[in-house]
Amino acid sequence: RGLLNVLDAAAAVSRSGRRLSTLHGAAQVTKMGDVDAYVVHAHSDDGPSKWAALESWRVAFRAKKGREPKVWLDKVCVDPSSSRATIEALPILLGGCSFLLLLVGDSWTQRLWPITELLIFLSMGGSPSQVQVCPLSTHPEATRDMLGAFANFDVRKTACARQHDYDRLLTLLDTGFGSSELRFNAAARSALAECVEATRLAAALNEAG
């Protein structure tokens, strides 16, 4: 079996005041398949809110499993300068994880990386039941806004911090969806809706009134 770098979630949260890049040395090697969650997030979303959401998930995981979770968190678990290698290795990285934790803030649907990671995971046999959608805000109105952004996802409105990353990701996605923006948008919206349903977010929102 292959090996992946992972981060102990408790160690990550304890260092939540630091930039992600400074946590690179905290990653540990583990076997593929032993990763509890691959964290999917947008770097442009609010950092403290993401750490708070990760901590909430970690506490629930520990209460259920009786141990700390091992998570894969991009810039912590790979060489920060190797974005090209990371893009090419996405199928391997995602194949080594059995669960995706989507930390969704205001800019999540405006970035190409997060939706790419989700679609690759699902295309490789992952199930929406293996995905948890975690809004960074627990306010009902924020959840409604997130659901609206999911339903109206448009790849033409996404971006990456670096243009060459954006171009390489589009090339990767063209392999699975062709060059049709409509086809890709339909697949993305469907995947997001299925993950929301599996997480029961819409039902919880309705129950809350």
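For the helices described here, an axis is a line fitted to C-alpha atoms over the stretch in contact, and an angle between two axes runs from 0 to 180 degrees between their N-to-C directions. In this predicted model, helix α6 (residues 140–151) packs against helix α8 (residues 181–199) at an angle of about 145°, and the two axes lie 8 Å apart. The residues that meet are L147, F150 and A151 on the side of α6, and R189, L192 and V196 on the side of α8. Sorted by class, this contact consists of 5 nonpolar residues and 1 charged residue, with no polar residue taking part.

The protein as a whole contains 9 helices and 6 strands. Of its 209 residues, 45% count as buried.

Strand β5 (residues 100–104) is mostly covered, since 5 of its 5 residues are buried, a residue being called buried if its relative accessible area is under 20%. In a regular strand the side chains alternate between the two faces of the sheet. In β5 both faces are covered, with L100, L102 and V104 buried on one side and L101 and L103 buried on the other.

Two strands pair with β5. Strand β3 (residues 37–41) runs parallel to β5 and is joined to it over 4 bridges, and within this pairing V39 stands opposite L101 in β5. Strand β6 (residues 131–135) is also paired with β5 in the parallel sense, here over 5 bridges. In this second pairing L101 stands opposite Q132 of β6. The chain passes from β5 through helix α5 (residues 112–123) to β6, and the β-α-β crossover formed in this way is right-handed. A further bridge of the pairing joins L100 to V131 in β6. Strand β6 is itself mostly covered, as 4 of its 5 residues are buried.

The loop between β5 and α5 holds T109. This residue, T109, is buried, with a relative accessible area of 13%. When neighbours within four places in sequence are left aside, T109 is in contact with A149, F150, F153 and T158. Among these partners is F150, a residue of α6 that also takes part in the contact with α8.

Side chains of opposite charge can pair when their charged atoms come close. A search of the whole structure finds 8 salt bridges, and three of them are described here in turn.

One of these salt bridges is formed by D36 and R67, whose closest N and O atoms are 2.8 Å apart. Because D36 lies in the loop between β2 (28–31) and β3, while R67 lies in the loop between α2 (47–65) and β4 (70–72), the pair ties together parts that are 31 residues apart in sequence. D36 is buried, with a relative accessible area of 13%, whereas R67 counts as partly exposed at 38% relative accessibility.

Another salt bridge brings together the side chains of R58 and E55, with a distance of 2.7 Å from N to O. The two residues are 3 residues apart in helix α2, so R58 and E55 are separated by about one helical turn. R58 is buried, its relative accessible area being 8%, while E55 counts as partly exposed at 24% relative accessibility.

In a further case, the side chains of E181 and R156 meet in a salt bridge at 3.7 Å, again from N to O. E181 counts as partly exposed, at 39% relative accessibility, and R156 is exposed, with a relative accessible area of 55%. Elsewhere, salt bridges that share partners join E55, R58, R62 and E68 into one network.

Methods: Residues are numbered from 1 along each chain as its sequence is written. This is a predicted model: local features need pLDDT of at least 70, side-chain atom pairs count only at pLDDT 80 or more; totals for chains, interfaces and linings use all residues. Side-chain values use heavy atoms; hydrogens and water are left out. Contact means heavy atoms within 4.5 Å. Ala, Val, Leu, Ile, Met, Phe, Trp, Tyr, Cys and Pro count as nonpolar, Asp, Glu, Lys and Arg as charged, and the others, Gly among them, as polar. Buried means under 20% relative accessible area, exposed over 50%, partly exposed in between (1.4 Å probe, protein chains only). Two strands pair if DSSP finds at least two bridges between them. A crossover is right-handed if, with the strands pointing away from the viewer, the path from the first strand over the helix to the second runs clockwise. A salt bridge is a side-chain nitrogen of Lys or Arg within 4 Å of a carboxyl oxygen of Asp or Glu.
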